Amino acid sequence: MDTTLNYRGLSFWHDSVPDSLQPRAPLPGDGRTDVAIIGGGLTGLWTAYYLLERAPGIRITILEKEIVGFGASGRNGGWCSALFPASTAALERAHGRQAALAMRQAMVDTVDEVGRVASAERIDCDFAKGGTISMARSAVQLRAAEGEVAEAARYGVDAITLLDDAPGGALAATLDPACARLHPAKLVRGLARVLERHGVEIREGTEVLDWAPHSVATTRGTLECDFVVVATEGYGATLAQTRRAVLPLYSLMIATEPLPNALWDEIGIAHGQTFTDFRHLLIYGQRTADNRFAFGGRGARYHWGSAIRPEYDRVPRVFEHLRNTLVDLFPQARDAAITHTWGGPLGVPRDWHATASLEASTGIARAGGYVGDGLSTTNLAGRTLADLITGRDTELTALPWVNHSSPRWEPEPLRFIGSNLGLLAMTVADAEERVTRRPSVAARLMAPLVGH
């Protein structure tokens with residue numbers, strides 16, 4: 001059966017990638033490899049890329065249930081940013097000032113590393129480093145913007161500045177230069193082709209059932225190995241061993257038709273720039289290489305039992321909300337046709353703290369918990385896991401997220417109630433600030449639960 005049409009319909013990114021999306025051959029049966037990687041997203045691919053660099057000749061097999069880039073790695077907002085799910089202040093409280101600063105610097109450097117590899121490997125993924133514009137559209141948001149600039153200055157790593165000339169009629173905006181716009185499906189699919197040229201086996205249509213030290217069991221056979229890398233992000237919630245380690249939170253997106261350059265000049269978003277504002281219920285957008293808005297946000301509810309189903313990728317109510325929000329931000333887009341709608345789950349650890357870890361006694365490595373900030377963090381994870389697996393003691397292996405262990409999520413119904421109350425609280429917080437014109441009490445109460 002030809003499944004390429006199904007994969008093409010996953011997102012605008014999949015629909016526009018210059019790739020047949022024809023699945024690769026599955027695992028042919030029992031076998032042996034040096035490193036077995038579970039998951040064909042960016043965490044697994046970057047880990048393979050840097051393992052080849054550190055240990056030429058190493059045998060690597062990537063196991064993917066669908067196709068490379070099926071999940072968040074191929075469907076995200078296309079922000080290659082220095083964002084990390086835990087704030088600098090939260091990192092400082094947990095690990096100390098120097099560790100927090102090292103983590104921030106590593107994230108800033110990672111944006112350029114992704115661009116370096118894309119250029120060196122000739123991966124045409126529309127990489128353009130124009131920074132992130134965060135609009136302050138009310139007095140409350142302006143105070144938040146000023147606070148962000150002050151915090152960046154206090155830590156001295158992030159070069160965030162305040163702009164008086166802001167797009168969308170905003171009062172002001174911040175500019176964070178540490179972000180690039182890119183086409184995520186082009187990146188993940190291109191990186192996979194690079195790996196194959198260097199001898200990495202990518203086995204698609206191969207569902208992993210279980211893993212143990214030095215062994216991965218799949219529907220196609222068992223793979224013996226020295227190391228197992230678990231790189232499943234939000235889809236870890238569907239596997240018994242990681243069911244309560246991560247919560248799959250849905251984020252949805254829309255894309256418009258291409259818009260004229262003159263309209264973009266009026267809007268005020270340049271090529272390479274991404275944008276957001278300071279509301280609590282997160283939104284994110286970019287100007288694509290072909291002049292579309294690709295715009296997304298939270299707002300879809302969590303589903304009982306951490307369920308992940310194709311029908312959850314598309315929620316008309318959320319798509320309508322996203323369109324209205326986009327037009328509210330940029331009235332020039334009111335007549336733009338919406339050509340694509342899509343979504344998918346991202347991975348949220350209980351403490352909103354990502355990790356890159358290796359259990360030396362078992363040879364089982366894992367990375368994830370990016371809470372939507374994974375397009376760059378996956379690269380840092382790949383470099384870090386490659387160092388850990390090859391036994392190197394480096395600046396990366398000393399970062400505070402290495403071997404971090406998050407608490408497990410509560411069982412149902414507590415997980416369902418708490419997650420959806422959190423979503424409601426962020427919605428209430430935005431409404432509260434619009435009415436009171438003061439920072440939200442609800443948001444302040446929720447801050448410890450979302451990594452701030």
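Which ring does the charged end of arginine 75 sit over? In this predicted model, that ring belongs to phenylalanine 70, with the charged end 4.8 Å from its centre.

Now for the aromatics themselves, which make 16 pairs. Take tryptophan 264 and phenylalanine 293, a tilted pair at 4.5 Å centre to centre with 45° between the planes. They come from distant parts of the chain, 29 residues apart: tryptophan 264 sits in helix α9 and phenylalanine 293 in strand β17. Both residues are buried. Tryptophan 304 and phenylalanine 416 are another tilted pair, 5.6 Å between centres and 55° between planes. Here the link spans 112 residues, from the loop between β17 and α10 to helix α12. Phenylalanine 416 has 25% relative accessibility, so it counts as partly exposed. Going back to Trp264 and Phe293, they belong to one aromatic cluster together with Phe275, Phe295 and Phe330.

A cis peptide bond, with omega about 10°, joins glutamate 412 to proline 413. That proline lies in the loop between α11 and α12.

Aspartate 126 has phi near 60° and lies in the loop between α6 and β5. Its relative accessibility is 18%, and because buried means under 20%, aspartate 126 counts as buried. Histidine 214, with phi of about 70°, is in the loop between β10 and β11. With a relative accessible area of 35%, histidine 214 is partly exposed.

Definitions and conventions. Residues numbered from 1 in each chain as written. Predicted model: local features only at pLDDT ≥ 70, side-chain atom pairs only at ≥ 80, totals over all residues. Heavy atoms only, no water. Helix = DSSP H or I, 4+ residues; strand = E, 2+ residues; numbered from the N terminus. Buried < 20%, exposed > 50% of the residue type's maximum accessible area, 1.4 Å probe, protein only. Phe/Tyr/Trp six-rings, centres within 6.5 Å; stacked < 30°, edge-to-face > 60°. Lys NZ or Arg CZ within 6 Å of the ring centre and 35° of its normal.
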